[in-house]
Every structure is written in structure tokens, then in C-alpha cells.
Amino acid sequence: MEQTSRTIPELKHIALVAHDHCKSSLLQWVSTHKAVLGNHTLYATGTTGNLIQRETGLEVNAMLSGPMGGDQQVGALISEGKIDLLIFFWDPLNAVPHDPDVKALLRLATVWNIPVATNRSTADFIIHSPLFSQPVDILIPDYQRYLQQRLQ
Ligand SMILES: O=C(CO)COP(=O)(O)O
């Protein structure tokens with residue numbers, strides 16, 4: 001696949017997602033970094049987003065709840081280049097009914113090469129990275145060229 005680049009802007013669009021046993025951990029992380037996160041545009045799956053809003057007062061664009069399609073909505077935004085960073089505390093110790101959607105979300109984040117944290121220490125590394133507070137060029141699939149080649 002040919003690649004092109006896009007710029008992750010200084011003010012980022014950040015998606016926040018947590019499975020039920022990981023929600024308290026994500027809420028603590030968001031509270032710790034509330035001042036920084038408040039400068040960015042936040043998205044989340046339904047329950048996670050409403051809990052963040054309620055507990056921290058941060059404004060969050062809440063999708064549907066994960067099992068009802070929220071993971072897929074976040075994945076669609078990633079495919080459209082509308083999400084710059086994914087913080088997804090997924091639960092490695094409990095099964096969820098929408099496991100294919102979880103896999104699909106993580107897959108699309110990898111396809112579109114956005115930074116992903118699946119646990120708290122990675123989230124800490126990301127938010128403390130100098131790259132977090134500046135514009136960053138990332139390589140992404142060159143969709144237009146991909147389409148042109150397929151239509152030849
Ligand atoms: O299930 C989820 C992610 O797979 C999260 O969904 P909720 O935020 O609605 O709990």
C-alpha cells in the first residue's frame with residue numbers, strides 16, 4: 001500500500017474508551033490529566049463518555065455504548081481521519097459480547113496509524129511525550145492512490 005501523510009494537529013481529537021472493569025482506572029487517569037485533556041476535543045463510547053462528563057465536568061462527544069455500536073462509531077471516525085489518538089483500556093481478563101467490534105476498532109487504529117494506549121502506563125507515556133503538545137506528521141495509507149489502482 002502506498003502511503004501519504006497527514007498532520008495530527010497540536011489540539012487533538014482524542015477518543016476515550018474503557019471496558020467496565022477498567023472504567024475506574026480510566027476515570028482516574030482522565031482526572032489526573034484533566035487540565036491537559038480539557039484543551040483537546042474528546043470523544044468516547046456511551047457509558048465511558050457519560051461517566052467522564054459526570055465525574056470531571058469535561059465536555060465529551062459520547063457515541064453509542066460499546067456493545068450497541070459505539071466501538072464501530074469510533075472506528076468509523078478513525079477511518080475518516082477525525083480521531084488523532086485512541087486511549088482504550090480494554091479488559092484482557094473478561095469476555096465482552098462485542099469482541100469483534102473491539103478487534104475492529106483496534107485494527108482500524110492500526111490501519112490509520114494513530115497512537116493507541118491500551119493500558120495506563122502507555123497512556124502516561126503518550127500524554128507526557130513532547131509530541132503530545134505539538135503538531136505531528138504521521139504516515140497513513142494513500143486511499144486515493146489505492147482506489148485509482150483498483151479502478152484501472
Ligand atoms: O464496550 C466498550 C468498548 O468496547 C465501551 O462501551 P461503554 O463506554 O458504553 O461501556
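Helices (H or I, at least four residues) and strands (E, at least two) are DSSP runs, numbered from the N terminus. This is a predicted model: local features need pLDDT of at least 70, side-chain atom pairs count only at pLDDT 80 or more, and totals for chains, interfaces and linings use all residues. Residue numbers start from 1 along each chain, following the sequence as written.

**Confidence**

- pLDDT is the predictor's confidence in each residue, from 0 to 100.
- The protein chain has a mean pLDDT of 98, and 100% of its residues reach 70 or more.
- For the complex, the predictor gives an ipTM of 0.99 and a pTM of 0.97.

**UniProt annotations**

- UniProt positions follow the numbering used here, feature names are shortened, and annotations may be inferred rather than shown by experiment.
- An unreviewed UniProt entry places "domain: MGS-like" at residues 6–152.
- Over residues 6–152 the chain is 45% helix and 20% strand, with the end C-alpha atoms 25 Å apart.
- UniProt (unreviewed entry) lists Asp 71 under "active site".
- The UniProt annotation "binding site" (unreviewed entry) covers His 19, Lys 23, Thr 45, Gly 46, Thr 47, Thr 48, Ser 65, Gly 66 and His 98.

**Ligand shell**

- A residue is near a molecule or strand if its C-beta atom, placed from the backbone, lies within 6 Å of it.
- The ligand is surrounded by 13 residues, of which the closest are Thr 45, Thr 47, Thr 48, Ser 65 and Gly 66.
- Helix H3 (46–56) and H4 are the elements that give two or more residues to this shell.
- H3 gives the most, with three residues.
- By class, the shell has four nonpolar, eight polar and one charged residues.
- In that count, Ala, Val, Leu, Ile, Met, Phe, Trp, Tyr, Cys and Pro are nonpolar, Asp, Glu, Lys and Arg are charged, and the others, Gly among them, are polar.

- A residue is buried if 20 or more other C-beta atoms lie within 10 Å of its own, exposed if 12 or fewer, and partly exposed in between; C-beta atoms are placed from the backbone.
- Two residues are in contact if their C-beta atoms, placed from the backbone, lie within 7 Å.
- Asp 71 sits in helix H4 (residues 70–79). Asp 71 counts as buried because it has 29 C-beta neighbours inside 10 Å.
- Leaving aside neighbours within four places in sequence, Asp 71 is in contact with Thr 45, Gly 66, His 98, Asp 101, Val 102, Ala 104 and Leu 105.
- Gly 66 lies in the loop between E4 and H4. Gly 66 is buried, with 28 C-beta neighbours inside 10 Å.
- Not counting residues up to four places away in sequence, Gly 66 touches Val 17, Thr 45, Asp 71 and His 98.
- Thr 48 is in helix H3. With 30 C-beta neighbours inside 10 Å, Thr 48 is buried.
- The C-alpha atoms of Thr 48 and Ser 24 are separated by 9.8 Å, and the two are 24 residues apart along the chain.

**Nonpolar core**

- A nonpolar core is a set of buried Ala, Val, Leu, Ile, Met, Phe, Trp, Tyr and Cys residues joined through C-beta atoms within 7 Å.
- The largest nonpolar core has 32 residues; Ile 14, Ala 15, Leu 16, Tyr 43, Ala 44, Val 74 and Leu 86 touch the most other members.
- Elements giving two or more residues to this core include strand E2 (13–18), helix H1 (23–32), strand E3 (41–44), strand E4 (60–62), strand E5 (85–89) and helix H5 (99–111).
- In soluble globular proteins, nonpolar side chains tend to be buried together.
- Not counting residues up to four places away in sequence, Leu 16 touches Leu 26, Val 30, Leu 42, Ala 44, Thr 48, Ile 52 and Ile 87.

**Helix H4 and backbone**

- Gly 70, Asp 71, Gln 73, Val 74, Gly 75 and Ile 78 are buried in H4. The cover over the buried residues of H4 includes E2, E3, H3 and H5.
- Leu 77, also in helix H4, is partly exposed, with 18 other C-beta atoms within 10 Å.
- Just after H4, Gly 81 takes a positive phi of about 75 degrees.
- Asn 113 is not a glycine, yet has a positive phi of about 60 degrees. Asn 113 is in the loop between H5 and strand E6 (116–117).
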